[in-house]
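Please read the numbered points below with the sequence and the model at hand.

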Amino acid sequence: MRISGYGIVVLSVIIFYYLDRSVHARPVVLVLSNDDLNSGGDDPGVGDSSDFDEFGESEPKSEEELDPGSWRRMFEPDDDSTVEAASPQYYSGLHKILSAASEGNDRLMEEAVDEIEAASSSGDPHSQSLMGFVYGTGMMREKSKSKSFLHHNFAAEGGNMQSKMTLAFTYLRQDMHDKAVKLYAELAETAVNSFLISKDSPVVEPTRIHSGTEENKGALRKSRGEEDEDFQILEYQAQKGNAAAMYKIGLFYYFGLRGLRRDHTKALHWFSKAVEKGEPRSMELLGEIYARGAGVERNYTKALEWLTLAAKEGLYSAFNGIGYLYVKGYGVEKKNYTKAKEYFEKAVDNEDPSGHYNLGVLYLKGIGVKRDVRQATKYFFVAANAGQPKAFYQLAKMFHTGVGLKKNLEMATSFYKLVAERGPWSSLSRWALEAYLKGDVGKALILYSRMAEMGYEVAQSNAAWILDKYGERSMCMGVSGFCTDKERHERAHSLWWRASEQGNEHAALLIGDAYYYGRGTERDYVRAAEAYMHAKSQSNAQAMFNLGYMHEHGQGLPFDLHLAKRYYDQALQSDAAAKLPVTLALASLWLRRNYADTFLVRVVDSLPEVYPKVEAWIENVVFDEGNATILTLFVCLITILYLRERQRRQVVVPDPVGGDVAQPLDAEVAQHLAAFPR
């Protein structure tokens, strides 16, 4: 797909936020016109860092090098690691925090926080980051936003990336884009350097463990890794020689999909076996593995061979990898920008997003072509529209610097955040899911809470759902031991609110319900209406219905039957499943309009108060174990008596014609038969 450099250009970029879009997230659409395009200017700084999305020039760094103070050591210990990025006291305290959360041991949690606080006081930045988390959540210490911010600030200055994520999100919530954009730019660059893909990979999203108020069993079933029954069947097929199954397993291990931990050695094993069976898709990934040295010694010559074979088999994204090798002069005689451009164009002709991205880089930096920032921008937009993460990074830099696009710090911050959230610290989500699937709810809550502080919407809603769903069993730690009901409700409320600010319509709805019914907070119809209005702006049908009801009854909103009807109609237009409640609500409106201040309207208004009492009576009296047994026996007795009485009233004799069919006798025949002796 080629893009002309002339005429009016309107491109829409869908920002996915890497969420489960079918449940909560609403895509944000950016429309680019000629007014948004700058003439550019020759700023050599744009595109200098990590210009290509292929492989990387230097040896890949470990996660602990990219994310100092990483929690990986607690979940994926590496005996061969030589990186010592944090003090032993820090890791000891962190281990105790996770153990205390798993065991529900408040004394051990107090001991862990004391140990971390001592390390923090001695100047360890990673311990300072943990103390920022402790003060931010109110765990064994009085909750304090100022102390949390101070500790995170010191930690960020010491190089802790998770604290930088937390500070960036804090600034973003306060619309301080000038400060947020600087932090997110640094974090996004680190994330880009951690990417291990040579083409657009399957997006590894944080898993939403709930769907509405219920557990998301479908998503959880697919995230059990090697314990998943479907994976075991696939592995059995691969062991029996199925090439397609070999490729899929290799893919799962290479990208860390379906709950599996990334393992390049296993990926290489399965891709190699698949190639022996003639599976062409594995050739391209073998090319990437050899180019990166992922699980094998780096060998650009072999990489070129495998990529060439893959391209001959019709895998067009392989053209992109070959073009990269010619740009860098790896595995070929010398650099050849002309050939590189030809291969990138072949990838573009076959709709490969990385091809669009790399052509954009060529035009941005003037490599083998005349420098054209405007043309580069258009290529980046096409790649971003296809979900290419590094294209978002380049666009963010353009919005940030004003080169190629008009300077827009808000847009730059949003794009940087998208990329930054795919950094190595996102592994916390995978470990949280593993803990949850193993039934370790306390550890999962700690991990999701840490990510929630860093601004991950999915983690915010997951942590809030765990607090609401599991209650005391969530192992929530408060100021002086286990959370009180008030502390737990307030923490869940805060998490839901943050998630709602980032587009989670279900979160906004739950906040509205909390204020409307007074769950965990004082009843406040005005704030409930504000929350419902926020959810309504995200096209939530339930919120529209609730707003209509509040207008109908004048609760938190002006009494207005016309607005009530409008909201009811909007709810039905938004969701066809709302037909029954909307029909009943419209009937109530009709009664209220035509029979105002009558006994009938008062009966309708009393139903919301009567229903909970009836429900409670049924639950406490009828469904009581003893009463339910007696009631069941009574119903059975009545049924038996009824059936026997019905049988007694019917006299039945054999039908001489239809042998087996019994017919009731009329009164006259019965009288004649009665005269015969028995």
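**Notes on the predicted model**

1. Overall make-up. The chain holds 32 helices and eight strands. The model discussed here is a predicted one. Of the 678 residues in the chain, 49% are buried. The accessible surface amounts to about 33500 Å², and carbon and sulfur atoms account for 52% of that surface. Among the contacts with a separation of 6 or more, 59% are made by residues 24 or more positions apart.

2. A tilted aromatic pair. The ring centres of Y393 and Y416 are 6.1 Å apart and the planes stand at 55°, so this pair is tilted. Y393 lies in helix α19 (residues 389–401) and Y416 in helix α20 (residues 409–420), and the pair links distant parts of the chain, 23 residues apart. Both of these tyrosines, Y393 and Y416, are buried.

3. Other aromatic features. One aromatic cluster is formed by Y300, Y324 and Y330. Elsewhere, the charged end of R73 sits over the ring of Y91, at 4.4 Å from the ring centre.

4. The model contains 16 salt bridges. In one of them E552 is paired with R592, and their closest N and O atoms are 3.2 Å apart. Which parts of the chain does the pair of E552 and R592 tie together? E552 is in helix α27 (residues 541–553) and R592 is in helix α29 (residues 579–594), so the bridge ties together parts 40 residues apart in sequence. E552 is buried, with a relative accessible area of 2%, and R592 also counts as buried, at 11% relative accessibility.

5. K565 and D569 form a salt bridge in which the closest N and O atoms are 2.8 Å apart. Are K565 and D569 buried or partly exposed? K565 counts as partly exposed, at 37% relative accessibility, and D569 counts as partly exposed at 25%. A further group, E110, D114, E117 and R141, is joined into one network by salt bridges that share partners.

6. A bridge with unlike surroundings. R281 forms a salt bridge with E279, with 2.8 Å between the closest N and O atoms. R281 is partly exposed, with a relative accessible area of 32%, whereas E279 is buried, with a relative accessible area of 7%.

7. Positive phi values. D175, a residue other than glycine, has a positive phi near 60°. D175 is placed in the loop between α7 (161–173) and α8 (177–194). M475 lies in the loop between α23 (457–470) and β5 (477–478), and at 26% relative accessibility M475 counts as partly exposed.

8. L637, I638 and L641 make a nonpolar surface patch of about 280 Å². I638 lies in helix α31 (residues 625–648) and is partly exposed, with a relative accessible area of 43%. By contrast, V348 in helix α16 (residues 337–349) counts as buried, at 0% relative accessibility. The C-alpha atoms of V348 and S317 are separated by 8.8 Å, and the two residues are 31 residues apart along the chain.

Technical notes: Residues numbered from 1 in each chain as written. Predicted model: local features only at pLDDT ≥ 70, side-chain atom pairs only at ≥ 80, totals over all residues. Heavy atoms only, no water. Patch = residues over 30% accessible without salt bridge, like charges linked within 9 Å, V, L, I, M, F, W, Y side chains within 5 Å. Areas by Shrake-Rupley, 256 points an atom, 1.4 Å probe, with all protein chains shown as cover. Salt bridge = Lys/Arg side-chain N within 4 Å of Asp/Glu carboxyl O. Helix = DSSP H or I, 4+ residues; strand = E, 2+ residues; numbered from the N terminus. Buried < 20%, exposed > 50% of the residue type's maximum accessible area, 1.4 Å probe, protein only. Phe/Tyr/Trp six-rings, centres within 6.5 Å; stacked < 30°, edge-to-face > 60°. Lys NZ or Arg CZ within 6 Å of the ring centre and 35° of its normal. Contact = heavy atoms within 4.5 Å.
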